[in-house]
Amino acid sequence: RSAGGSGGNSATRPGEPAHLVLEVPDIHCAGCEQSIEDLLRNREGVGDIKADSRAHKVRVTYWPEQIGLHQIEEAVTSLGFRVQRTHVAGHDETVA
């Protein structure tokens with residue numbers, strides 16, 4: 001389908017995906033990146049994930065009909081990382 005993308009769950013998803021950027025200041029190495037990516041990759045409704053320790057950001061493509069913004073944030077914080085700011089591209093939602 002046109003929503004495309006790799007990684008995560010490959011089942012057909014309803015609606016359009018949202019693109020989320022989390023500012024996570026505690027990411028400092030490849031191990032941190034891998035921990036976050038592995039955790040989110042196993043969540044229903046999550047597509048592509050890219051954690052970047054240099055930029056201290058996690059970019060996530062997700063389907064809001066299947067997983068909520070706060071569920072994604074809570075997953076990251078459950079690993080001991082702080083989420084300082086969240087921006088959802090394509091939706092009129094910004095959480096500070």
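**Notes on the predicted model**

1. Arg41 and Asp38 are joined by a salt bridge, with their closest N and O atoms 3.5 Å apart; the term is used here for a side-chain nitrogen of Lys or Arg within 4 Å of a carboxyl oxygen of Asp or Glu. The two residues are 3 apart in helix 1, so about one helical turn separates them. Arg41 counts as partly exposed at 30% relative accessibility, and Asp38 is partly exposed at 35%, where buried means under 20% relative accessible area, exposed over 50% and partly exposed in between (1.4 Å probe, protein chains only).

2. On the basis of the values: this is a predicted model, in which local features need pLDDT of at least 70 and side-chain atom pairs count only at pLDDT 80 or more, while totals for chains, interfaces and linings use all residues. Residues are numbered from 1 along each chain as its sequence is written, and side-chain values use heavy atoms, with hydrogens and water left out.

3. The chain holds 2 helices and 5 strands, arranged along the sequence as β-α-β-β-α-β-β; helices (H or I, at least four residues) and strands (E, at least two) are DSSP runs numbered from the N terminus. Of the 96 residues in the chain, 34% are buried.

4. Strand 3 (residues 57-62) runs antiparallel to strand 1 (residues 18-23), to which 6 bridges join it, and strand 2 (residues 46-52) also pairs with strand 3 in the antiparallel sense, over 5 bridges; pairing requires that DSSP find at least two bridges between the strands. Strands 2 and 3 form a hairpin with 4 residues between them, and His56 in the turn has a positive phi of about 60°. Within this pairing, Lys50 has Arg59 in strand 3 as its bridge partner.

5. Glu23 stands opposite Lys57 of strand 3, and the side chains of these two residues also meet in a salt bridge (3.6 Å, N to O). Since Lys57 lies in strand 3 and Glu23 in strand 1, the pair ties together parts that are 34 residues apart in sequence. Lys57 is partly exposed at 22% relative accessibility, as is Glu23 at 26%.

6. The salt bridges number 3 by this rule, and one of them joins Arg82 to Asp26, with the closest N and O atoms 2.9 Å apart. Arg82 lies in the loop between helix 2 and strand 4 (85-89) and Asp26 in the loop between strand 1 and helix 1, so this pair ties together parts that are 56 residues apart in sequence.

7. What is the nearest side chain of opposite charge to Glu33, which is buried yet has no salt bridge? That side chain is Lys50, at 4.9 Å, with Lys and Arg counted as positive, Asp and Glu as negative, and His and the chain ends not counted. Glu33 lies in helix 1 (residues 30-41) and, not counting residues up to four places away in sequence, touches Ile27, Ala51, Asp52 and Ser53, contact meaning heavy atoms within 4.5 Å.

8. Leaving aside neighbours within four places in sequence, Leu40 is in contact with Val46, Ile49, Val58, Val60, Ile72, Ala75 and Val76.
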